[in-house]
Amino acid sequence: MMVDRALIVGGGIAGMQAALDIANAGFKVTLVERSPSIGGHMLQFYKVFPTLDCPQCIGTPKMVEVASHPNIELLTYSELTKVSGEIGNFKVVIKKKPRYVDEERCTGCGVCQEKCPWKADSEWNLGLSQRKAIYTPFPQAVPNVPVIDREHCAYFLKDTCRACERFCEAKAIDFSQEEKYLEREVGAIVVATGFDPFNAHLKPEYGYKIYHNVITSLELERLCEAGGPTGGRLVVNGKEPQNVVFIQCVGSRDKAVGHEYCSRVCCMY
């Protein structure tokens with residue numbers, strides 16, 4: 001018997017659209033995203049081809065629709081760990097990582113982030129700015145529930161602080177949370193895991209992180225984006241550049257870094 005539920009792995013633009021298409025057709029969907037929020041890389045961009053719309057204008061309504069759709073079970077900060085079975089009748093195991101914040105109690109007020117004294121590099125801004133040890137990746141995050149970064153939280157490192165807990169009026173901070181493993185039966189699996197940017201450190205001849213004025217294309221997107229670390233101003237090493245040179249195909253068709261294929265997007269990009 002075929003199970004009438006689909007599993008979507010990845011909550012970027014492709015995963016969200018797939019989830020909505022399947023859910024609107026009347027089937028149940030479980031959407032798994034490893035980050036604290038759905039949205040994916042597209043929301044980090046400045047504008048998108050061919051209309052030059054802002055990605056948030058396209059992606060944010062889809063994020064809200066996914067989170068509120070009655071046929072979609074949204075599991076963020078979670079990872080698929082095991083698949084067994086066959087087409088039409090899979091059994092999957094999903095690891096739900098602890099946020100250390102109660103999603104039911106949290107009101108998204110942001111006070112915990114304001115009061116947290118500890119900082120770390122922002123993954124959303126690619127290390128070009130900092131965020132708190134308790135954080136949401138970006139203001140429009142869905143769900144709008146922060147997560148505590150164990151690697152930079154003083155409570156987990158030194159058993160001190162707990163400022164977020166003291167100032168949370170909703171009593172949503174829960175340091176006792178542990179990993180949960182959820183089992184689901186699904187009839188189909190859609191893998192929409194997106195991409196990871198090429199590690200520019202593997203091509204030292206171009207001077208990435210050696211010279212301050214060498215940046216990646218995704219870092220350029222964050223600098224141009226109004227919600228980015230410079231408020232939309234293209235500033236590199238404290239200056240606005242007068243000339244810009246793009247080096248194409250870095251990391252593509254290159255046996256030395258293990259990518260013998262063409263990315264198929266960077267020329268158009």
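Predicted model: local features only at pLDDT ≥ 70, side-chain atom pairs only at ≥ 80, totals over all residues.
1. Strands β4 and β5 belong to an open sheet of 3 strands, ordered β4-β5-β10 and paired in antiparallel fashion. Which strands form the edges of this sheet? They are β4, covering residues 78–86, and β10, covering residues 180–186, each of which pairs on one side only. On average, and with direction ignored, neighbouring strands of the sheet are turned by 20° against each other.

2. Helix α1 spans residues 13–24 and helix α2 spans residues 55–68; their axes lie 10 Å apart and meet at an angle of about 45°. The two helices are therefore oblique to each other. The crossing in which α1 passes α2 is left-handed.

3. Which residues make the contact between these helices? From α1 come Ile13, Met16, Gln17, Leu20 and Asn24, while α2 contributes Ile58, Gly59, Lys62, Met63, Glu65 and Val66. Sorted by class, the contact of α1 with α2 comprises 6 nonpolar, 3 polar and 2 charged residues.

4. Two cis peptide bonds may be checked in the model. One runs from phenylalanine 49 to proline 50, with omega near 5°; proline 50 is placed in the loop between β2 (28–32) and α2. Another joins valine 142 and proline 143, where omega is about 0°. Proline 143 is located in the loop between β8 (134–135) and β9 (147–148).

5. Tyrosine 100 sits in the loop between β5 (89–96) and α3 (111–115). Is tyrosine 100 buried or exposed? Its relative accessibility is 5%, so tyrosine 100 counts as buried, the cut-off for that class being under 20%.

6. A positive phi is also found at leucine 126, a residue other than glycine, with a value near 60°. The loop between β6 and β7 holds leucine 126. With a relative accessible area of 28%, leucine 126 is partly exposed.

7. Leucine 128 is likewise in the loop between β6 and β7, strands that cover residues 119–121 and 130–132 respectively. Its relative accessibility is 35%, and leucine 128 therefore counts as partly exposed.

8. What does leucine 128 touch, when residues up to four places away in sequence are not counted? Its contacts are Glu219, Arg222, Leu223 and Pro229. For arginine 222, the separation from leucine 128 is 94 residues in sequence, whereas the C-alpha to C-alpha distance in space is 8.5 Å.

9. The loop between β6 and β7 can be inspected at leucine 126 and at leucine 128.

Key: Residues numbered from 1 in each chain as written. Heavy atoms only, no water. Axes fitted to C-alpha atoms, helices over the stretch in contact; angles between N-to-C directions. Helix = DSSP H or I, 4+ residues; strand = E, 2+ residues; numbered from the N terminus. Parallel < 35°, antiparallel > 145°, perpendicular 65-115°, else oblique. Left-handed = near helix turned anticlockwise from the far one by under 90°. Contact = heavy atoms within 4.5 Å. Nonpolar A, V, L, I, M, F, W, Y, C, P; charged D, E, K, R; others polar. Buried < 20%, exposed > 50% of the residue type's maximum accessible area, 1.4 Å probe, protein only. Pairing = 2+ DSSP bridges.
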